[in-house]
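User: I would like to learn how to read a fold from its coordinates. Please take me through the features one by one.
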Amino acid sequence: MTTTTREYCHSLSERFATLPGAEAEAPRSMAAEGRRLCAEGQVRVGIAWLRRAIRAASGLD
């Protein structure tokens, strides 16, 4: 089961910030979009963007 709350968005955002690839332009832009969407109440889509950012920053994409 997937958590779809603003708290989970915040948790993913914090996790992203700790990754070594978080400073790269593409992952940083994806994370910013995810945070924006979460703040606007589009939590499910925001979480998807944050997960993409985490994968990219982790070198998995």
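Analyst: Start with exposure. Buried means under 20% relative accessible area, exposed means over 50%, and partly exposed lies in between (1.4 Å probe, protein chains only). By that scale Arg35 is partly exposed, at 36% relative accessible area. A caution on the source: this is a predicted model, in which local features need pLDDT of at least 70 and side-chain atom pairs count only at pLDDT 80 or more, while totals for chains, interfaces and linings use all residues. Residues are numbered from 1 along each chain as its sequence is written, and side-chain values use heavy atoms, with hydrogens and water left out.

User: How are helices and strands assigned, and how many of each are in the protein?

Analyst: Both are DSSP runs, numbered from the N terminus: helices are H or I with at least four residues, strands are E with at least two. Here there are three helices and zero strands. Along the sequence the pattern reads α-α-α. The radius of gyration is 10 Å, close to the 10 Å that the globule rule gives for 61 residues, so the protein is as compact as a globular protein of that length. That radius is taken over C-alpha atoms, and the rule is 2.2 Å times the number of residues to the power 0.38. Along its principal axes, the C-alpha trace spans about 25 × 20 × 15 Å.

User: What share of the residues is buried?

Analyst: Buried residues make up 33% of the 61. Ile47, in helix α3 (residues 43-57), is buried at 2% relative accessible area. Cys38, in helix α2 (residues 25-39), is buried at 5%. Ala32 also lies in helix α2, but counts as partly exposed at 37% relative accessibility.

User: How do I read contacts, and which residues does Ile47 touch?

Analyst: Contact means heavy atoms within 4.5 Å. Not counting residues up to four places away in sequence, Ile47 touches Thr3, Thr4, Thr5, Tyr8, Cys9, Leu12 and Cys38. With the same exclusion, Cys38 touches Arg6, Cys9, Val43, Gly46, Ile47 and Leu50. Across the protein, 57% of the contacts with a separation of 6 or more join residues 24 or more positions apart.

User: What is a polar contact, and which side chain does Ser13 meet in one?

Analyst: A polar contact is a pair of N or O atoms within 3.5 Å; within protein, one must be able to donate a hydrogen and the other to accept it, and residues adjacent in sequence count only if both atoms are side-chain atoms. The Ser13 side chain makes one with the side chain of Arg35, at 3.3 Å. Ser13 sits in helix α1 (residues 6-17), and Arg35 in helix α2. Ser13 is buried, at 14% relative accessible area. Leaving aside neighbours within four places in sequence, Ser13 contacts Arg35 and Leu50, while Arg35 contacts Ser13, Phe16 and Leu50.
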